[in-house]
Amino acid sequence: MNVDPGALPADLAATVEAHGKAVAAADNRAVLADFLPDRIGQLIASADVPTVLKGAEVRTISDAGDGRYDAVIRYTKPDDEWFELRSRWVRFDDGSWRVLSVRNIPATAPWMDLTGPGEDGLDTPHWDGLREGVLKIQRCGQCRRWIWSPRPICPSCHSLDSRWEAVAPVGTVYSWTRTWQPFTPESTGHLPYVVVLVALPGADDARVVGVLADADGVTPTIGARVRGIVEPPPDDQHWPLLRWHLENPL
């Protein structure tokens with residue numbers, strides 16, 4: 001294990017090691033007892049863990065600041081393939097160490113099956129634009145107002161002259177939330193992740209929703225500058241997604 005015992009609380013390493021063994025042994029009662037009581041429902045879906053494992057090895061324990069410690073545990077499957085989970089530990093009220101968050105490594109945001117054009121096809125140009133690596137937003141051809149989300153008629157002048165124009169994928173965080181619940185099956189193993197509402201100055205501050213990349217442990221601030229990067233889909237069943245990145249992450 002890559003850790004300096006003198007730099008850690010004396011009882012933390014033993015707690016983390018016992019936790020890894022409990023996960024590998026499918027001792028659910030012991031595993032759940034290691035979670036913060038108000039996070040049990042969330043943490044169950046935070047990592048994608050096979051039902052049968054052969055062993056566990058604590059790889060690293062590091063100080064994450066503010067009294068929190070990150071432990072990376074490597075789990076081995078029966079076929080000797082392995083995967084790693086990162087658990088974040090905090091001191092609980094009763095003096096024990098409890099898991100605050102857990103996630104797969106690498107920390108990836110989910111690819112939702114709900115992405116792609118709607119049934120009416122109104123937003124198809126937007127998704128086609130992402131396939132080309134471009135962010136396209138609807139704009140009225142008469143009054144030139146930007147329209148988002150897509151609509152069949154301009155809400156400002158009621159024109160039917162709808163066009164799609166490329167917009168620079170840069171903006172500021174208008175609002176954000178950290179998602180802990182597996183609202184879709186695909187999000188299991190990717191929790192938590194951060195969703196941001198981004199105001200686009202290139203489109204009169206039209207606001208678009210997207211996932212913030214590399215947001216593990218990051219608390220965004222309102223007004224923070226972000227830049228969008230179009231990521232290709234993992235397979236032919238999904239569409240490209242625009243992931244937002246903080247320009248000056250702390």
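What does the protein chain average in pLDDT, and what share of the residues score at least 70?

**View 1. Confidence across the predicted protein chain.** The chain averages a pLDDT of 90, and 97% of the residues score at least 70, where pLDDT is the predictor's confidence in each residue, from 0 to 100. Among the elements (helices are DSSP runs of H or I with at least four residues, strands runs of E with at least two, numbered from the N terminus), helix α3, residues 40-44, has the lowest mean pLDDT, 78, while β5 has the highest, 97. In this predicted model local features need pLDDT of at least 70 and side-chain atom pairs count only at pLDDT 80 or more, whereas totals for chains, interfaces and linings use all residues. Residues are numbered from 1 along each chain as its sequence is written, and side-chain values use heavy atoms, with hydrogens and water left out.

**View 2. E84 in strand β3.** E84, within the strand formed by residues 82-91, is buried at a relative accessible area of 15% (buried means under 20%, with a 1.4 Å probe and protein chains only). Its side chain makes a polar contact, at 2.8 Å, with the side chain of R74 (a pair of N or O atoms within 3.5 Å, one able to donate a hydrogen and the other to accept it).

**View 3. The buried face of helix α4.** In α4, residues 124-131, the buried residues are H126, W127, G129 and L130; seen down the helix axis they fall within an arc of 155 degrees, so they line one face of the helix (the arc is that of the directions from the axis to the C-beta atoms). Just after α4, G133 takes a positive phi of about 80 degrees.

How values were computed: Buried < 20%, exposed > 50% of the residue type's maximum accessible area, 1.4 Å probe, protein only.
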